Amino acid sequence: GEVSNDPITFNTNLMGYPDRPGWLRYIQRTPYSDGVLYGSPTVENVGKPTIIEITAYNRRTFETARHNLIINIMSAEDFPLPYQAEFFIRNMNVEEMLASEVLGDFLGAVKNVWQPERLNAINITSALDRGGRVPLPINDMKEGVYVMVGADVPFSSCLREVENPQNQLRCSQEMEPVITCDKKFRTQFHIDWCKISLVDNTKQFSTFQEVVRGEGILPDGGEYKPPSDTLKSRDYYSDFLITLAVPSAIALVLFLILAYIMCCRREGVEKRNMQTPDIQLVHHSAIQKSTKELRDMSKNREIAWPLSTLPVFHPVTGEIVPPLHTDTYDNTSMPLMQTQQ
């Protein structure tokens, strides 16, 4: 009986299990918003009472409360809806669409363009559950929601307009198709007509195909005989010899051959001189002696001394000042061309 704005989070699970059934989803945006359970059970769940444990946790007072929700699932065979259409609404989130008044407005708009005798919502799914991306938090963008409805009469001409070639071409070019009844939804619901799907369950297609044997189909080889469970022992000695011993032996032989060539087949200076003609050795020795003499002569060659190094008289005493360089000065480093004035 007290009105409060405490942050409350909810945890839901199937009684006796840590999580919910596979067909049941739960969403709560913030601790200040409502939690919503939604989903569509399958045929296997018909007739089985589903008990959902709901635990509420007050994040301000740390109080908890538990409630059991019993869901009775009935078969839909008594209420056949063979014609099913799935719409993608871009400006809605799943919890907004599940509100009774919003879902009633959408079903009223669909009934206005379809004109069926009986119309029900079959499935409501968030776009995020279909692989959609979380939208950016700008301009109040929504994630989108898929709503499947079923009726007992064939699809109207307005819904069939999506299948004409002109609209299919516009959808392939990422353009809005031209739908005459779109204005009846546009005031509240922005429908992506390129993502609408129409399913007619009255047309039963046979999935059985006769197998024609030909290329690509193996002949019948009888029953499959698996191998024996007992494994025979295997000797790996020969594998060891082939893998390690043989390459090692070859590498050792190559190493010995290379060592003999490098160490035992070297030709020394004496052996080289013995195999060389005497006249060639005399010529070689003469060339080396002449080269040595030319180098010694080049070190002792005389060149003109620069004027700055010649003897001069002292301006006060009149004595002769010796040159700057001594007689042992290496004049080979003197420049050949002197800068003189």
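The following questions and answers explain how terms are applied to this predicted model.

The model is predicted, so local features need pLDDT of at least 70 and side-chain atom pairs count only at pLDDT 80 or more, while totals for chains, interfaces and linings use all residues. Residues are numbered from 1 along each chain as its sequence is written, and side-chain values use heavy atoms, with hydrogens and water left out.

Q: What makes up the chain in terms of helices and strands?
A: The chain has eight helices and eleven strands.

Q: Why is V102 called buried?
A: A residue is buried under 20% relative accessible area, exposed over 50%, and partly exposed in between, with a 1.4 Å probe and protein chains only. V102 has a relative accessible area of 15%, and is therefore buried. V102 lies in helix α2, residues 100–114. Across the chain of 341 residues, buried residues make up 24%.

Q: Which residues is V102 in contact with, leaving aside its neighbours within four places in sequence?
A: Contact means heavy atoms within 4.5 Å. By that rule V102 is in contact with M92, E96, M97, Q188 and F189. Of these, Q188 is 86 residues from V102 in sequence, and the two C-alpha atoms are 9.3 Å apart in space. For the chain, residues 24 or more positions apart account for 64% of the contacts with a separation of 6 or more.

Q: What makes the buried residues of α2 line one face of the helix?
A: The buried residues of α2 are V102, L103, F106, L107, A109, V110, V113 and W114. Seen down the helix axis, they fall within an arc of 155 degrees, so they line one face of α2. The arc is that of the directions from the helix axis to the C-beta atoms. An α-helix has 3.6 residues a turn, so residues three or four places apart point the same way. On the other side of α2, S100 and E101 are exposed. Among the elements that the buried residues pack against are β6 (83–89), β7 (119–126) and β8 (145–151).

Q: Why do the side chains of D129 and R25 count as a salt bridge?
A: A salt bridge is a side-chain nitrogen of Lys or Arg within 4 Å of a carboxyl oxygen of Asp or Glu. D129 and R25 meet at 3.2 Å, N to O. D129 lies in the loop between β7 and β8 and R25 in strand β2 (residues 24–27), so the pair ties together parts that are 104 residues apart in sequence. D129, at 37% relative accessibility, counts as partly exposed, and R25 does so at 32%. By this rule the count comes to ten salt bridges.

Q: How is E143 linked to R29, and is E143 buried or exposed?
A: The side chains of E143 and R29 meet in a salt bridge of 2.9 Å, N to O. The pair links distant parts of the chain, 114 residues apart: E143 in the loop between β7 and β8, R29 in the loop between β2 and β3 (36–39). E143 has 9% relative accessibility and so counts as buried, whereas R29, at 40%, counts as partly exposed. R29, E95 and E143 are linked in a network of salt bridges.

Key:
Helices (H or I, at least four residues) and strands (E, at least two) are DSSP runs, numbered from the N terminus.
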